[in-house]
Structure formats: structure tokens, C-alpha cells
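The report below describes a single protein chain for a reader who is new to structural models. Please keep the structure in view while reading.

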Amino acid sequence: MDALAKLLETPVADLRHRLVDEDKNFVYLKRQVSMDVADKIKQLGMPGVHQQPETRRYYPDGDVMAHVVGFNSVEDQGQEGVELTFNQQLP
């Protein structure tokens with residue numbers, strides 16, 4: 001667990017609490033880690049630790065519209081712009 005905590009830049013106690021003490025079937029350890037870190041975690045071969053690919057969304061016309069369109073958090077909740085204003089109406 002020490003190697004995993006180091007790769008995730010998370011204190012061992014926090015990681016242990018999330019993996020052992022919480023009564024959940026599934027927890028995110030860390031989201032949007034670099035491919036290098038993901039590969040190193042995979043090499044650890046820890047049972048029960050799985051990786052979920054996440055995609056990055058791009059704006060129409062590049063970054064020009066970014067502040068108007070806004071963005072979503074990794075939990076898909078509007079954080080700014082149209083995404084925030086119309087969060088309840090957007091699929």
C-alpha cells in the first residue's frame with residue numbers, strides 16, 4: 001500500500017481509510033492521473049485496484065468558446081458558463 005500511496009501522492013492513512021474503513025463497494029482513489037502513473041500502478045498488480053479511462057471533452061471552435069460554454073467537473077456537474085446555468089436541463 002505504501003507504493004500505491006506514493007504514486008497517488010496520497011497519505012497512506014487516507015488511502016487505508018478509503019480502502020479498508022469505508023463501507024463501500026467502490027471508491028475512486030484518484031482521478032485523471034497521468035498515463036505514466038497509471039502504468040506504474042498497473043505494474044503493482046494489486047488485487048481489487050482497477051483503472052477506468054476518462055476522456056477529455058473539447059470545445060467547438062477550440063478554446064475560443066470555452067468561457068461561454070463552460071465546463072463540467074469530473075462528476076459531470078456544470079461548473080461555469082452555459083454548463084452551469086443550464087445544468088438541470090442539459091443531458
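Met46 is partly exposed, with a relative accessible area of 25%; the term partly exposed covers the range between buried (under 20% relative accessible area) and exposed (over 50%), calculated with a 1.4 Å probe and protein chains only. Met46 is located in the loop between α3 and α4. Helices here are DSSP runs of H or I with at least four residues, numbered from the N terminus. Apart from neighbours within four places in sequence, Met46 is in contact with Met1 and Leu4, where contact means heavy atoms within 4.5 Å. Between Met46 and Leu4 there are 42 residues of separation in sequence, but the C-alpha to C-alpha distance is 8.9 Å.

The model is predicted, so local features need pLDDT of at least 70 and side-chain atom pairs count only at pLDDT 80 or more, whereas totals for chains, interfaces and linings use all residues. Residues are numbered from 1 along each chain as its sequence is written, and side-chain values use heavy atoms, with hydrogens and water left out.

**Confidence**

The predictor's confidence in each residue is given as pLDDT, from 0 to 100. For the protein chain the mean pLDDT is 78, and 63% of the residues reach 70 or more. Confidence is highest in helix α1 (residues 2–8), at a mean of 93, and lowest in helix α4 (residues 66–69), at 65. Where pLDDT is low, the predicted coordinates should not be read in detail.

**Two polar contacts with the backbone**

A polar contact is a pair of N or O atoms within 3.5 Å; within protein, one must be able to donate a hydrogen and the other to accept it, and residues adjacent in sequence count only if both atoms are side-chain atoms. Thr10 is found in the loop between α1 and α2. A polar atom of the Thr10 side chain lies 3.1 Å from the backbone oxygen of Leu8. Thr10 counts as buried because its relative accessible area is 14%. Not counting residues up to four places away in sequence, Thr10 touches Ala5 and Leu15.

Gln51 belongs to the loop between α3 (35–44) and α4. A polar atom of its side chain lies 2.6 Å from the backbone oxygen of Ala38. With residues up to four places away in sequence set aside, Gln51 touches Ala38, Ile41 and Lys42. Gln51 is partly exposed, since its relative accessibility is 42%.

**Salt bridges**

How many salt bridges does the structure hold? There are 2 salt bridges, each being a side-chain nitrogen of Lys or Arg within 4 Å of a carboxyl oxygen of Asp or Glu.

| Salt bridge | N to O distance |
|---|---|
| Glu9 and Lys30 | 3.9 Å |
| Asp36 and Lys40 | 3.4 Å |

Glu9 is exposed, at 68% relative accessible area, whereas Lys30 is partly exposed, at 39%. Asp36 and Lys40 are separated by about one helical turn because they are 4 residues apart in helix α3. Asp36 is partly exposed, with a relative accessible area of 45%, and Lys40 is partly exposed at 38%.
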